[in-house]
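Hi there,

Here is the structure I promised to pass on. Please have a look at it first, and then read my notes below.

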Amino acid sequence: MPQITYVHSNGTRTVLDVPVGTSVMRGAILNGIDGIVAECGGEMMCATCHVYVEEDQLSRTPIQSDDEKAMLEFTASERRPNSRLSCQLVVTPELDGLVVYLPETQV
Amino acid sequence: MPEPVVAVVGTGQAGFQTAASLRQDGFAGRIILIGDEPVPPYQRPPLSKSYLARESGLDELWLRPESFYAQHQIDLLAGETVTRIDRTKRRLHLASGGELSWDHLVLAIGARCRPLAVAGAELDGVMPLRTLADADILRERLDQTRDVVVVGAGFIGLEFASVAITRGVGVHTIEVTQHPMGRVVSAAISRFFTDAHRGWGAQVLLGTGVTRILGAAGRVTGVETSGGQCLPADLVLICVGVIPNAELAREAGLTVDNGIVVDHHLMTEDPRIFAVGDCANFPTPFAAGRVRLESVQNAVDQGRCVAAQIAGKPAPYDKVPWFWSDQGDLKLQIAGITAGHDTAVRRGGPDGHFSVFCFRAGRLIGVESVNQTADHVAARRLLAGDPELTPEQAADESYDLRAHTRRLAAR
């Protein structure tokens with residue numbers, strides 16, 4: 001099962017096995033990671049599952065839709081070039097080893 | 001002094017959020033989260049969308065894993081019904097016979113489906129859709145259904161219909177008004193979705209009511225309409241709106257008027273009792289008077305607002321309302337409250353990506369977008385302040401909305 005590393009804003013790391021087909025957001029929620037809020041449940045109606053993807057892994061992540069780009073305007077923490085909505089990062093074998101950084105706040 | 005106790009009644013999205021935010025905001029006292037459904041808090045929107053369509057499962061439905069509640073010292077009493085609020089002794093009476101003391105009480109008791117008062121409504125196969133239990137039955141039934149009649153073309157009815165159509169079920173949707181979703185959307189959006197459903201193969205009958213539901217051997221067989229038609233049905237979904245669950249509050253002597261009446265701080269006339277989510281009737285700058293809203297946004301933001309107050313950071317409730325609905329390949333996103341608009345202009349295209357901007361007395365009050373998230377995002381930003389947008393600018397596609405939004409934000 002692909003491993004995803006969640007780096008909390010205080011620097012601690014949680015490594016989770018996330019099944020293929022599950023989003024990075026859902027993996028965090030199901031395992032009680034507090035830094036992801038996911039208020040809309042993955043419907044791309046909010047931006048409370050915001051993560052920063054490890055810069056050199058960006059090319060491995062799925063392409064950003066226009067909807068995701070638009071919704072990223074609502075992030076509570078600074079939007080950066082490596083900002084993503086983790087509900088849109090659906091885990092594939094290629095994402096094994098992905099590292100995402102959780103922002104200081106989601107709301 | 002002992003730490004205070006907060007009792008949150010209702011395990012829907014509003015109740016869950018209140019409890020979760022209390023902890024996050026540093027509240028150190030006891031938190032009791034009580035609800036009559038026998039399962040941990042879950043999301044309702046997918047019940048008429050992806051969960052119903054079997055595109056998502058239970059894992060996607062839970063708001064948090066079961067371990068979350070113990071981890072955050074939230075006492076979750078799932079499957080417990082509150083029968084009475086004693087304001088003098090500050091107690092809750094439970095159906096199981098117990099009592100709970102509280103210092104602050106948050107009513108997040110939601111709403112229930114309005115029953116249809118016609119003969120035959122009790123037949124097997126006549127269903128509401130509100131809870132996980134309802135959705136689980138409907139999921140099974142849809143597998144064996146040939147003809148469904150959806151009574152009421154609101155969000156839930158149309159979402160259910162769009163899922164049923166993709167399952168190859170014959171769908172009749174009947175709506176007593178001329179405007180599907182008419183309580184919440186403009187005539188243009190209502191027409192657009194009516195046409196879309198017809199295009200997908202559903203029969204949509206407007207201005208049509210139900211005179212009775214027909215059955216044989218206790219099972220539903222059809223629906224007789226006010227137009228005199230007999231529509232075949234082995235499943236009938238009744239979704240003609242909800243009734244706010246306000247009885248507990250009324251019996252406790254609190255004011256009830258289309259929901260539990262609260263002030264700008266979501267506080268009832270008893271300063272120790274709040275109401276949030278579907279059951280709360282609150283004043284808002286986003287409508288002409290008071291409103292009661294049924295949405296995730298409303299539940300979440302109101303839960304946060306009350307949690308912050310109890311945790312010692314009071315602020316009035318002032319969030320921009322937003323809603324969404326998924327039907328077929330269409331995503332409807334609404335920002336603001338468009339009811340009561342006097343002007344509606346369309347922005348965007350014949351390609352099915354467009355928005356309707358709604359104005360009252362020259363001021364933008366809401367925007368309804370179809371597959372056009374960028375407009376929705378801009379609208380949520382604009383409505384948070386004075387939008388300063390004219391109908392002419394809104395209708396002009398060459399007018400840059402994002403730049404307009406940024407200009408206002410920069411001030």
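Before we get to the strands, one convention: two strands pair if DSSP finds at least two bridges between them. Helices (H or I, at least four residues) and strands (E, at least two) are DSSP runs, numbered from the N terminus. This is a predicted model, in which local features need pLDDT of at least 70 and side-chain atom pairs count only at pLDDT 80 or more, while totals for chains, interfaces and linings use all residues. Residues are numbered from 1 along each chain as its sequence is written, with chains lettered from A and ligands numbered from 1 in the order in which they are written.

Let me start with strand S10 of chain B, residues 147–151. Parallel to S10(B) runs strand S16 (residues 235–238) of chain B, joined to it by 4 bridges; here B:Val151 has B:Ile238 as its bridge partner. Strand S11 (residues 170–175) of chain B is also parallel to S10(B), with 5 bridges between them, and B:Val148 is partnered by B:Val171.

Is S10(B) mostly covered or mostly open? It is mostly covered, as 4 of its 5 residues are buried. A residue is buried if 20 or more other C-beta atoms lie within 10 Å of its own, exposed if 12 or fewer, and partly exposed in between, with C-beta atoms placed from the backbone.

On to the core, meaning a set of buried Ala, Val, Leu, Ile, Met, Phe, Trp, Tyr and Cys residues joined through C-beta atoms within 7 Å. The largest nonpolar core has 151 residues, and B:Val236 and B:Ile260 are among those that touch the most other members. Contact between two residues means C-beta atoms, placed from the backbone, within 7 Å. Leaving aside neighbours within four places in sequence, the contacts of B:Val236 include B:Val149, B:Val151 and B:Ile213. B:Ile260 is in turn one of the residues touched by B:Ala280, not counting residues up to four places away in sequence. B:Ala280 sits in strand S20 (residues 280–283) of chain B and counts as buried because it has 31 C-beta neighbours inside 10 Å.

B:Gln73, in the loop between H3 and strand S3 (74–78) of chain B, has a positive phi of about 50° although it is not a glycine. B:Asn258, another residue other than glycine, has a positive phi near 50° and lies in the loop between helix H7 (247–251) and strand S18 (260–261) of chain B. Why does B:Asn258 count as exposed? Because it has 12 C-beta neighbours inside 10 Å.

As for domains, whose bounds come from an automatic or database domain assignment, chain B has domain 1 (5–112 + 243–310), domain 2 (115–240) and domain 3 (329–410). The centres of domain 1 and domain 2 of chain B, taken over C-alpha atoms, are 29 Å apart.

Finally, 17 residues of chain B are in contact with 15 residues of chain A. Helix H8 (296–310) and helix H9 (373–383) of chain B are among the elements that each supply at least two residues of that side of chain B.

Happy browsing!
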